[in-house]
Amino acid sequence: MVQYEIENSNTLSGNKVLIFENDEVNQLLLKIMLENNELQPEIITDTADLYKKIESHSYELLLLDMENKNPSSFEIIDVIRKDLKSNIPVIGLSTKDYRGRAIYHGINVLLQRPIENRALMHHIMRVLYGSSKYKNPITVTI
């Protein structure tokens with residue numbers, strides 16, 4: 001099992017996180033994990049709404065379900081990076097290992113499900129504050 005060091009989680013307090021996830025159970029789990037760590041999650045299920053929220057520049061992080069079909073998650077990240085020209089940190093969430101494609105499309109970290117709270121918080125701190133010995137992007141399997 002991978003051991004994760006989490007710096008003072010109070011440094012995450014108040015950060016706004018967009019969750020683009022279609023599965024209601026996964027939405028609830030992510031929301032609970034983030035709120036328990038004093039983050040402010042907002043769940044988005046519509047692509048147009050996601051793009052508007054990204055353009056507002058009022059979010060520090062995007063958690064992106066990598067299993068989206070229409071448009072695909074890779075098409076979504078391409079719009080975010082190329083058309084919207086946003087550098088918002090993106091943590092991809094998936095049951096599959098899309099590591100190569102994640103690198104190409106600009107995803108900062110790819111976490112494979114099931115996602116453990118400490119791993120998620122470690123990587124959120126990592127992408128927001130650069131606190132890790134790992135290099136971008138990586139895949140973590142729990």
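Which residue follows α3 with a positive phi? Lys85 does, with phi near 55 degrees. The model is predicted. Its chain holds five helices and six strands, arranged along the sequence as β-α-β-α-β-α-β-α-β-α-β. An ion-pair network links Glu21, Asp65 and Arg113 through salt bridges.

**Overall build**

- The chain has 142 residues, and 49% of them are buried.
- Contacts between residues 24 or more positions apart make up 67% of those with a separation of 6 or more.
- The accessible surface is about 7500 Å². Carbon and sulfur atoms contribute 48% of that surface.

**Strand β1 and its partners**

- Strand β1 spans residues 16–20. Four of its five residues are buried, so β1 is largely enclosed by the rest of the structure.
- β1 pairs with strand β2 (residues 40–44) in the parallel sense, over five bridges. Within this pairing, Phe20 has Ile44 of β2 as its bridge partner.
- β1 also pairs with strand β3 (residues 61–65), again in the parallel sense, over four bridges. Here Ile19 has Leu63 of β3 as its bridge partner.

**Helix α3**

- Helix α3 covers residues 73–83. Its buried residues are Ser73, Phe74, Ile76, Ile77, Asp78, Ile80 and Arg81.

- Arg113 sits in the loop between β5 (109–112) and α5 (117–129).
- Its side chain makes a polar contact of 2.3 Å with the side chain of Glu21. A second polar contact, of 3.4 Å, joins the side chains of Arg113 and Asp65.
- Neighbours within four places in sequence aside, Arg113 is in contact with Glu21, Asn26, Asp65, Leu93, Ser94 and Thr95.
- Glu21 and Arg113 form a salt bridge, with their closest N and O atoms 2.3 Å apart. Glu21 lies in the loop between β1 and α1, and Arg113 in the loop between β5 and α5, so the pair ties together parts 92 residues apart in sequence.
- Glu21 is buried, at a relative accessible area of 1%.

**Other salt bridges**

- The whole structure contains four salt bridges. Side chains of opposite charge can pair when their charged atoms come close.
- Glu35 and Lys31 meet through their side chains in a salt bridge, at 2.9 Å from N to O. Both residues lie in helix α1, four residues apart, or about one turn of the helix.
- Glu35 is partly exposed, at 39% relative accessibility. Lys31 is partly exposed too, with a relative accessible area of 30%.
- Lys53 and Glu42 form a salt bridge between their side chains, at 2.9 Å from N to O. This pair links distant parts of the chain, eleven residues apart: Lys53 is in helix α2 and Glu42 in strand β2.
- Lys53 is partly exposed, with a relative accessible area of 27%. Glu42 counts as partly exposed at 26% relative accessibility.

Definitions and conventions: Residues numbered from 1 in each chain as written. Predicted model: local features only at pLDDT ≥ 70, side-chain atom pairs only at ≥ 80, totals over all residues. Heavy atoms only, no water. Helix = DSSP H or I, 4+ residues; strand = E, 2+ residues; numbered from the N terminus. Buried < 20%, exposed > 50% of the residue type's maximum accessible area, 1.4 Å probe, protein only. Contact = heavy atoms within 4.5 Å. Areas by Shrake-Rupley, 256 points an atom, 1.4 Å probe, with all protein chains shown as cover. Polar contact = N/O pair within 3.5 Å; in protein donor to acceptor, adjacent residues only side chain to side chain. Pairing = 2+ DSSP bridges.
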